[in-house]
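Subject: Structure handover

Hello,

Here is the structure I promised you. Please open it alongside this email, and my notes follow below.

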Amino acid sequence: MDQNEPDAPILEPGTPTVEVGGPLARTAVGTFRGTAGERADVWRGIRYAQAPVGDLRWRRAVPVPAADDVRGGDGIVDALTFGPVCPQELNPAIKLGPDAVMDEDCLFLNVWTPPGASEHARDAVGLPVMVWLHGGAYVLGSGCQPFYDGENLAATGDVVVVTLNYRLGVLGFADLSSIDPRFESNVGLSDVLAALRWVRDHIAAFGGAPERVTVFGESAGAGLVTALLTMPVAEGLFGRAIAQSSPVTSMYGADRAARVAERLLAAAGIHRADAVRGLESLDAATCATLTSTLFAEIPTETPGTIAFAPVVDGDLLPEYPLDVYREGRALPVPLIIGTNRDEANLFKYMKSPLMPITTSDIERMFAGMAKEYPEVKIPERAQVLSAYSGLRPKVTGLGVARDVAFRMPTLWLAQAQARHAPVYVYRYDWTTRMFRLLGLGAAHATEVPYVWGNLGSGSRDITFLLGGRKHGEVVSERMMRRWTAFAHGQGPDAGSLGDRWPTYDTGNRPVLLIDAEDRVVENLDGDLWEAWGEEVLGFR
């Protein structure tokens, strides 16, 4: 597939130019030279862990003891271009950028700061740091996607912004430990931990404050965020969190992971007796192809599940995240969490098998959950459908898929975590006329460019083809101000941002409705609570 497909609804902004010379950041693992810009300085392609190849393939990330990039004669590491991204089959909705290179040696991060922040690092109080975990269903994406250019966010919010690559699909989220103990579980998740440790140890050299880190992400990246909050090993690596459309319940146990591993062997034509040698002989391109194959097959056969995700292994991810939240044992850090009004529309638009949208697939999903967990009370069909009365069957299917995958898991988590830490819940409703015409509305991931202030431009960008850009810029400005105020340790209603955004434990489950004008609505999801109840549903 062509990543420059012109019909994709979300398109990239321009790529910044590279200048000769630039700001220096002096860390314990090397001195890095970046690029100076009018609004932000940027360092690209900094290695944060050893290359996960050879003996380190399917092993957890290993820190880099010293910078090993190509050095100039003065011993300075040039951090001027993005590092390679994890091998993946291209998707027209995931813009990796015009110069993206794929390689298993992909554990690199990027840093944006307000101009001159690194020059005053030793003398100034460090700036808040925002570490972004990209989405892509654990099989797609990278930290160098053009929409994640951190210039606008760093400049608008006076923050340090970090993006990163982590291993994906077969290479990052296939748990092969059931095949041989030399393969470790959750290697993609370990990459994120390694990057956060790198930030803790070295971000001060860029002008960031290691004790003021906010981890934020969308979709799979938000799933990683909500998982991190339940992991003892992540304690102290961040103090605030933002989760945009987190698939909270899409994490499974060792048995399901072992079945996926067996499917991988079958798809690759590898015999069980020769599994280790066969797996180690797979090249990266074949791993990307196998990722796409299983990504399509598994949710088709078992609606409501995905092929690749963090695994509850009793070790790195000790327990199911929602169990930890409900028992009050998650890290007590302030959290912004929410979903988009029309989440499922993107999956319908892309003809993705990822979400059960048809009536038959939804019924198969509920039947599967009931069979797998007979002790869990599954809501009656009529009870669930009561929240969608008056809607056409196709629209009802989209609503059910949205709520079982994203909205209800978000609300279950928010209600539990709000007992122990400040939690702010939102629903993103803003869209443009063009997106409404396409049937997207406020679909999954459509909020991302507004968070980053990268609304795109040029002949290929159809977002504002029928108008709405001025309103969109206002929405984007507000979201950036809220997100960065939160990173600064304030409430996300800080400043003159209109309606105050109360925490979820105050009043009657208040939710910030993000639209052309923001407003707080109490009990916005009351019909969903009545229809779905408080019993957590999902596969394990």
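Start with Tyr138. This residue is buried, with a relative accessible area of 1%. Keep in mind that the model is predicted. Tyr138 sits in the loop between strand E6 (127-133) and helix H1 (151-157). Its backbone is worth a look: phi is positive, about 65°, although Tyr138 is not a glycine. Most residues other than glycine have a negative phi.

Asn523 also has a positive phi, near 55°, and is not a glycine either. Its place is the loop between strand E15 (519-522) and helix H16 (526-532). Is Asn523 buried or partly exposed? Asn523 is partly exposed, with a relative accessible area of 32%.

One more loop residue is Gly439, between helix H13 (433-437) and helix H14 (448-452). Gly439 counts as partly exposed, at 40% relative accessibility. Val404 is 35 residues from Gly439 in sequence. In space the two are 21 Å apart, C-alpha to C-alpha.

**Strand E5**

Next, go to strand E5, residues 108-113. Six of its six residues are buried, so E5 is largely enclosed by the rest of the structure. In a regular strand the side chains alternate between the two faces of the sheet. In E5, Phe108, Asn110 and Trp112 point one way. Leu109, Val111 and Thr113 point the other way. Both sets are buried.

Which strands pair with E5? One is strand E3 (residues 41-47), which runs antiparallel to E5 over five bridges. Within that pairing, Val42 has Trp112 of E5 as its bridge partner. Another is strand E7 (residues 160-164), also antiparallel, with four bridges to E5. There, Asn110 stands opposite Thr163 of E7.

Thr113 is buried, with a relative accessible area of 0%. What does Thr113 touch, leaving out residues up to four places away in sequence? Its contacts are Ala40, Asp41, Trp43, Ala154, Val159, Val160 and Phe206.

**A three-stranded sheet**

There is an open sheet of three strands, in the order E1-E2-E4, with mixed pairing. Strand E1 (24-27) and strand E4 (76-78) are the edge strands, and each pairs on one side only. On average, neighbouring strands in this sheet are turned by 30° against each other, direction ignored. E1 and strand E2 (residues 30-33) run antiparallel and are joined by four bridges. In that pair, Ala25 stands opposite Phe32 of E2.

**Nonpolar cores**

The largest nonpolar core has 138 residues. Those with the most contacts inside this core are Tyr48, Phe206, Leu228, Phe238, Leu279, Phe308 and Trp532. Which helix gives the most to this core? Helix H12 (residues 393-417) does, with 11 residues.

A second, separate core has 34 residues, including Leu153, Trp430, Val475 and Phe486.

**Cavities**

How many cavities of 30 Å³ or more does a search of the whole structure find? Four turn up. The second largest cavity holds about 100 Å³ of space. Its lining is made up of 16 residues. Ala257, Val260, Ala307, Ala309 and Val311 lie nearest its centre. Strand E10 (252-253) and helix H5 (254-268) are the elements that give two or more residues to this lining. H5 supplies the largest share, four residues.

**Where to look**

See E5, where six of six residues are buried. See Trp532, among the residues with the most contacts in the largest nonpolar core. Then see Tyr138, buried and with a positive phi.

Best wishes

Technical notes
Residues numbered from 1 in each chain as written. Predicted model: local features only at pLDDT ≥ 70, side-chain atom pairs only at ≥ 80, totals over all residues. Heavy atoms only, no water. Pairing = 2+ DSSP bridges. Axes fitted to C-alpha atoms, helices over the stretch in contact; angles between N-to-C directions. Core = buried A, V, L, I, M, F, W, Y, C linked by side-chain atoms within 4.5 Å. Buried < 20%, exposed > 50% of the residue type's maximum accessible area, 1.4 Å probe, protein only. 1 Å grid on protein atoms, 1.4 Å probe; cavity = no way out; pocket = protein on both sides within 12 Å on 5 of 7 lines; lining within 4 Å. Points joined across faces, edges and corners; volume = space filled by probe spheres on them. Contact = heavy atoms within 4.5 Å.
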